[in-house]
Amino acid sequence: MKRLFRNPLAVLFAILVGTSSTRADLHVASLSTVTTDLAKQIGGNHVMVNGIIKPGIDPHEFEPTPGDVRKVADANLVLLTGKGMEGYLTKLEEAAGGSAKFVNTGKDISSLTMTEREKKVEDPHWWHSVENMKEAARMVAQSFAKADPSNAASYDKNESAYLSKLDELERWIRVKLAELPHDRRKLVTSHDALGYFARDYGFTIYPVKGVSTAEDPSSQHVKEIIGVIKERGVKAIFFENIENPRAVQQIADETGAKAGGSLYSDGLGETEGNTYDSMMRHNVSAIVEGLK
Ligand SMILES: [Zn+2]
């Protein structure tokens with residue numbers, strides 16, 4: 001092998017063949033940046049992943065284009081996060097012609113509920129809990145093994161390695177959060193995306209918006225948030241990577257709380273925070289630095 005790669009043409013050939021999509025055994029389309037990363041972690045080089053929702057796109061507002069429908073129709077498996085996040089799902093399934101198999105990675109994860117427009121709905125942002133991410137990793141590995149049994153051993157091995165990585169992440173988060181006393185664990189964010197994180201680590205959330213990003217906050221609600229921040233001495237409030245930061249900035253100005261930087265709420269980043277692991281580390285670091 002070593003000698004082969006001394007030849008520059010052989011290197012070029014290897015690169016071309018290695019990146020050719022036809023070489024992948026399993027073609028996966030993904031409707032969330034979180035499941036795109038998960039598919040890469042579990043699939044390794046047996047899987048070609050087509051991320052339909054890219055970093056920075058708001059999944060609450062997303063509508064698939066005809067090109068996206070084609071990508072879904074061409075895939076063996078389509079990963080989604082579920083719990084109501086993909087409001088367009090039925091239409092997409094019909095438009096894609098029913099041959100792709102949809103894998104709802106949030107299906108077996110127990111839901112938190114929240115109120116949106118006076119209705120109880122499932123909180124779709126389950127990946128902010130590392131435990132939930134482990135459950136999704138197991139489901140993705142199983143669905144890959146079922147769809148492509150010849151590489152089942154490889155998916156199984158990748159799953160074990162990834163679960164260990166998530167254990168390590170969980171340990172890192174607990175050590176980092178130990179810097180933050182419990183009475184400082186109050187989060188003001190631009191929409192209510194961190195409920196599962198709050199449950200796992202003992203935070204209280206005061207969202208400026210509700211569960212979705214679709215509605216602008218009423219002035220009454222903004223007033224309430226300002227009251228909470230002043231009354232409870234919240235040190236910092238946070239922006240989100242895809243939200244309009246104006247309302248958050250206004251609240252920061254009126255309360256003197258500092259703007260604690262940007263959190264990844266609805267998906268991964270483009271460069272920084274471009275894996276689940278680095279996204280979680282970014283969020284936890286920003287929260288601890290902002291509130292301590
Ligand atoms: Zn969201």
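A crossing is left-handed if the near helix is turned anticlockwise from the far one by less than a right angle, and right-handed if clockwise. I wrote that down before looking at α8, which passes α9 in a right-handed crossing.

**Entry: ground rules**

I am working with a predicted model, where local features need pLDDT of at least 70, side-chain atom pairs count only at pLDDT 80 or more, and totals for chains, interfaces and linings use all residues. Numbering runs from 1 along each chain as its sequence is written.

**Entry: confidence**

I checked pLDDT, the predictor's confidence in each residue, from 0 to 100. The protein chain averages 88, and 88% of the residues score at least 70. I found pLDDT under 50 over residues 1-6, a stretch with three contacts beyond four places in sequence; two residues are in contact if their C-beta atoms, placed from the backbone, lie within 7 Å. Residues 17-21 are also below 50, and the model gives them two contacts beyond near neighbours in sequence.

**Entry: α8 and α9**

Helices here are DSSP runs (H or I, at least four residues), numbered from the N terminus. I looked up α8 (residues 219-232) and α9 (residues 246-255), which pack at about 45° with axes 10 Å apart. That angle makes α8 oblique to α9. The axes are lines fitted to C-alpha atoms, for helices over the stretch in contact, and angles run from 0 to 180 degrees between N-to-C directions.

Which residues of α8 and α9 meet? From α8 I noted Val 222, Ile 225, Ile 226, Ile 229 and Lys 230; from α9, Ala 247, Ile 251, Glu 254 and Thr 255. The contact of α8 with α9 divides into six nonpolar, one polar and two charged residues. For these classes, Ala, Val, Leu, Ile, Met, Phe, Trp, Tyr, Cys and Pro count as nonpolar, Asp, Glu, Lys and Arg as charged, and the others, Gly among them, as polar.

I also tested the length of α8: at 1.5 Å a residue its 14 residues should span 20 Å, and its end C-alpha atoms are 20 Å apart, which agrees. The expected span is 1.5 Å times one less than the number of residues. Just after α8, Gly 233 takes a positive phi of about 60°.

**Entry: α3 and α4**

α3 (residues 66-74) packs on α4 (residues 89-96) at about 70°, with axes 9 Å apart. The two helices are therefore roughly perpendicular to each other, and their crossing is right-handed. Val 69, Val 72 and Ala 73 of α3 make the contact with Leu 92, Ala 95 and Ala 96 of α4.

How values were computed. Angles under 35 degrees count as roughly parallel, over 145 as roughly antiparallel, 65 to 115 as roughly perpendicular and the rest as oblique.
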